[in-house]
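Here is a short report on a protein model. It covers the sheets, the helices packed on them, and some local backbone and side-chain features.

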Amino acid sequence: MSKRRRFLQTMAGLPAMSGLSAAATAPARDYFRELGLRPFINAAGTYTVLTASLMPPEVMEAMQYASRHFVHLNKLQDAVGARIASLLGAEAAMVTSGAAGAMTIGTAACLTGTDQEKIRRIPDLTGMKNEVLIQKSHRFGYDHAVRACGVRMVEVESEEELERAAGPQTAMMLFFNDAEPRGRIDAAGWVRLGRKLGIPTFNDAAADTPPVIRLTEYNKLGFDLVCFSGGKAIRGPQSAGILMGRKDLIQAARLNTSPNSDTISRGMKVNKEEMLGMLVALELFLKRDHAADRRSWDQQVETILRAVREIPTVTHEVNVPLIANNTPHLKLRWDRNAVKISPPEVRAQLLDGEPSIEVTPSTNEKELVVTVWMLQPGEAEIVGKRIAALLNAAR
C-alpha cells in the first residue's frame with residue numbers, strides 16, 4: 001500500500017478540525033461532479049430546496065464523533081433535550097426532523113397525550129379531539145404537517161370568533177409566527193386566549209431567527225410549544241429542528257415518533273449524528289457575535305452595490321424582512337430600455353455561468369433579489385462582478 005493511500009485512510013478516520021480550510025479537508029473524490037451536479041454560490045438564502053445553510057466544522061466534528069459510537073437513542077435524546085432546554089429557558093425540548101416534523105409530533109402530542117391507544121390510532125381520530133384553531137391569515141403550506149394527524153383546521157379572524165369556535169373538539173391553537181402582522185390576534189393575545197380556554201398553543205417560528213433573542217422570547221411569552229428549523233440560521237443539520245415547551249407535551253411528542261414503531265411519525269427519524277450536531281450548532285449560534293454578523297452582511301451588500309452602482313439607470317433598495325429571514329435583501333432594478341435584460345434572465349444566466357450563482361426565487365420581472373448571509377468569504381465580490389458584467393453586456 002502506498003504511503004499516500006495509508007495517509008488518506010488515516011485522515012479519513014480522524015474528526016474534522018475547526019479552522020481547517022475546505023481545501024485542506026476536501027475528499028479525494030469530487031462526488032457532485034461524479035453525479036453530474038454543479039455546486040453554486042448561495043446568494044439566495046436558507047431555502048430547503050437549495051440545501052439551506054452550511055454546517056460549521058465543529059458541527060461536522062460532533063457528527064463524525066457520533067458516527068463512530070453506539071448509544072441508546074432515547075437516552076441521547078433525554079440528555080440533548082435537557083441541554084437544549086437549559087440553553088433556551090424552556091421547560092423541556094427535543095431534536096426533531098426539521099420544523100415540519102416538530103409540527104406533526106407537536107400536534108400529535110396535543111391530540112393523544114401519553115395515551116398509547118390514541119398514539120397508535122392517529123390519524124384515525126374517532127372519539128378524539130379533532131380540531132385545530134388557526135387565523136385565516138395564518139394558513140400556509142406547512143400546515144399540511146399538522147393536517148397529517150387527521151385534524152380539521154378551523155379558521156377564525158377575531159378574538160370573538162375564536163372563542164365561539166373553541167369547544168370540546170379543539171385540540172390545539174396554531175400560530176404562524178411570520179404571519180403575525182397579517183392577523184388580527186397577535187402572539188400575546190393568542191397565548192392569553194389559549195390559557196383562558198385551556199387549549200395548548202403552538203408557535204411555528206421555523207425561519208424566525210435571527211435575531212437570536214427569538215429563540216427564547218416565545219417561551220417567555222407563554223406558548224405551550226415552539227419550533228425552529230435547525231438547518232437555517234442556526235446552521236445545524238438541515239433535516240433537524242427543535243421543539244420545546246411544556247414538559248408533558250414534549251413527553252407526549254416523543255412517544256409519537258421514532259424510535260417508537262407504531263406512531264404517526266415513525267418515518268420522521270432523527271439519528272444520533274443529527275441530535276449531537278444540532279446541539280453543537282445551537283451552542284455555537286448562541287455564542288456568536290451577532291452584531292458582527294450584521295456588520296458583515298452590510299459590508300457584503302455594499303460590495304455588490306459598488307460593482308453595479310455606476311451602471312446607468314440601476315437603482316436599489318435594501319429590505320430586511322420583519323420576522324422570517326430577518327437579514328438584508330438587496331433588490332436591484334433598472335430601466336429595461338437602457339439595460340435590455342430582465343431580472344429573471346439575469347438570474348438564469350447567473351445560474352448557468354461559471355461559477356454558478358443562485359439568487360432568490362422572489363426575483364421577478366421588476367427586480368433582482370439577492371441575499372448575502374449564506375455567502376462565503378470573497379463571494380460577494382464574485383456576485384457583484386457577475387451581475388455587473390451581465391447588465392453591462394445588455395446595454
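Seven strands build an open sheet of mixed pairing, in the order S2-S8-S7-S6-S5-S3-S4. Its edges are strand S2 (92–96) and strand S4 (152–156); each has a single partner strand, so one side of each lacks a neighbour in the sheet. From one strand to the next, the twist averages 25°. Strands (E, at least two residues) and helices (H or I, at least four) are DSSP runs, numbered from the N terminus. Two strands count as paired if DSSP finds at least two bridges between them.

The model is predicted: local features need pLDDT of at least 70, side-chain atom pairs count only at pLDDT 80 or more, and totals for chains, interfaces and linings use all residues. Residues are numbered from 1 along each chain as its sequence is written, and side-chain values use heavy atoms, leaving out hydrogens and water.

Met94 stands opposite Leu243 in S8.

A second open sheet has three strands, ordered S9-S10-S12, with antiparallel pairing. Strand S9 (315–319) and strand S12 (368–371) are its edges; each has a single partner strand, so one side of each is left without a neighbour in the sheet. The twist here averages 25° from one strand to the next. S9 pairs with strand S10 (residues 329–333) over five bridges, in the antiparallel sense. Val318 faces Leu330 in S10.

The table lists them with their angles. Contact means heavy atoms within 4.5 Å. Axes are lines fitted to C-alpha atoms, for helices over the stretch in contact, and angles run from 0 to 180 degrees between N-to-C directions.

| Helix | Lies across | Angle |
|---|---|---|
| H5 (residues 73–88) | S2 and S8 | about 120° to S2 |
| H6 (residues 98–112) | S2, strand S5 (170–176), S6, strand S7 (225–229) and S8 | about 165° to S7 |
| H14 (residues 290–308) | S9, S10 and S12 | about 10° to S10 |

Asp208 lies between strand S6 (201–204) and helix H11 (214–221). Asp208 is buried but has no salt bridge. Buried means under 20% relative accessible area, exposed over 50%, and partly exposed in between (1.4 Å probe, protein chains only). A salt bridge puts a side-chain nitrogen of Lys or Arg within 4 Å of a carboxyl oxygen of Asp or Glu. For charge, Lys and Arg count as positive and Asp and Glu as negative; His and the chain ends are not counted.

What does the Asp208 side chain join in a polar contact? The partner is the side chain of Asn177, at 2.9 Å. A polar contact is a pair of N or O atoms within 3.5 Å; within protein, one must be able to donate a hydrogen and the other to accept it, and residues adjacent in sequence count only if both atoms are side-chain atoms. Beyond four places in sequence, the contacts of Asp208 include Asp178, Phe228 and Ile323.

The S6–H11 loop also holds Pro211. A cis peptide bond joins Pro210 and Pro211, with omega about 0°. Another cis bond joins Ser258 and Pro259, with omega about 10°. Pro259 sits in the loop between helix H12 (247–255) and helix H13 (272–287).

Thr51 is not a glycine, yet has a positive phi of about 70°. Thr51 is exposed, with a relative accessible area of 52%. Thr313 has a positive phi near 75°. Thr313 lies in the loop between H14 and S9 and is partly exposed, at 36% relative accessible area.
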